[in-house]
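The stops below can be selected one after another.

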Amino acid sequence: MTYNQVIKKIKETLESHAMIKSVILNSPVNWLFWTEQPTFPNASFEIASGNYNAGRENVYSVQLWLLDKSGVDNEFEQDVTSDMHSIGNDIVNSLRQEFNTFGIDTSIAWSKVEEKFEDYLTGVNFTFNLSIVSQFGACDIPTI
């Protein structure tokens, strides 16, 4: 899978979840100041790094934020965190079912997002590695 195919697969997985209303390929820090705000609950993700490992393995480090509004006085913070945590669990398990195409970390740490962003947003954030073994080896590289 190429970088574009990985992004497409993650985006499709996020969009297929019934509770997620919008998906953005960008970190919240970048889109919070856009004129038009997304519909919440929102899933945002980016792939900013990875590894080329031996044996044709490509590793993509995926950072994912699941966010929703928690009220002006943060009165819904616990419920929103719980919902976003459950959605995160659904997403990770959905990606793990794709074991024929790629691998995903067996242990994924998550952290609570609270009061980091404007607009009274709360949720969870986690980073995981997605591993893919390329179908092409050194003999397939175009040369002159």
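Predicted model: local features only at pLDDT ≥ 70, side-chain atom pairs only at ≥ 80, totals over all residues.

Begin by selecting S44 and N42, whose side chains are joined by a polar contact of 2.6 Å. A polar contact here is a pair of N or O atoms within 3.5 Å; within protein, one must be able to donate a hydrogen and the other to accept it, and residues adjacent in sequence count only if both atoms are side-chain atoms.

Residues are numbered from 1 along each chain as its sequence is written, and side-chain values use heavy atoms, with hydrogens and water left out.

Stay on S44, which lies in strand β2 (residues 42–53). Helices (H or I, at least four residues) and strands (E, at least two) are DSSP runs, numbered from the N terminus. Is S44 buried or exposed? S44 counts as buried because its relative accessibility is 0%; the classes are buried under 20% relative accessible area, exposed over 50% and partly exposed in between (1.4 Å probe, protein chains only). Not counting residues up to four places away in sequence, S44 touches I24, N26, P28, W31, Q63, L64 and W65, where contact means heavy atoms within 4.5 Å.

Next, select F76, in the loop between β3 (57–69) and α3 (77–96). F76 is partly exposed, at 43% relative accessible area. Leaving aside neighbours within four places in sequence, F76 contacts S70 and G71. Show T122 as well: F76 and T122 are 46 residues apart in sequence, and their C-alpha atoms are 8.9 Å apart.

Now turn to the salt bridges, each a side-chain nitrogen of Lys or Arg within 4 Å of a carboxyl oxygen of Asp or Glu. The count comes to three.

Select K112 and E77, which form a salt bridge at 2.3 Å, N to O. This pair links distant parts of the chain, with K112 in strand β5 (residues 110–114) and E77 in helix α3, 35 residues apart. K112 is partly exposed at 37%, whereas E77 is buried at 14%. Shared partners join E77, K112 and E114 into one network of salt bridges.

Finish at E12 and K8, which meet in a salt bridge of 4.0 Å, N to O. They are four residues apart in helix α1 (residues 3–15), so about one helical turn separates them.
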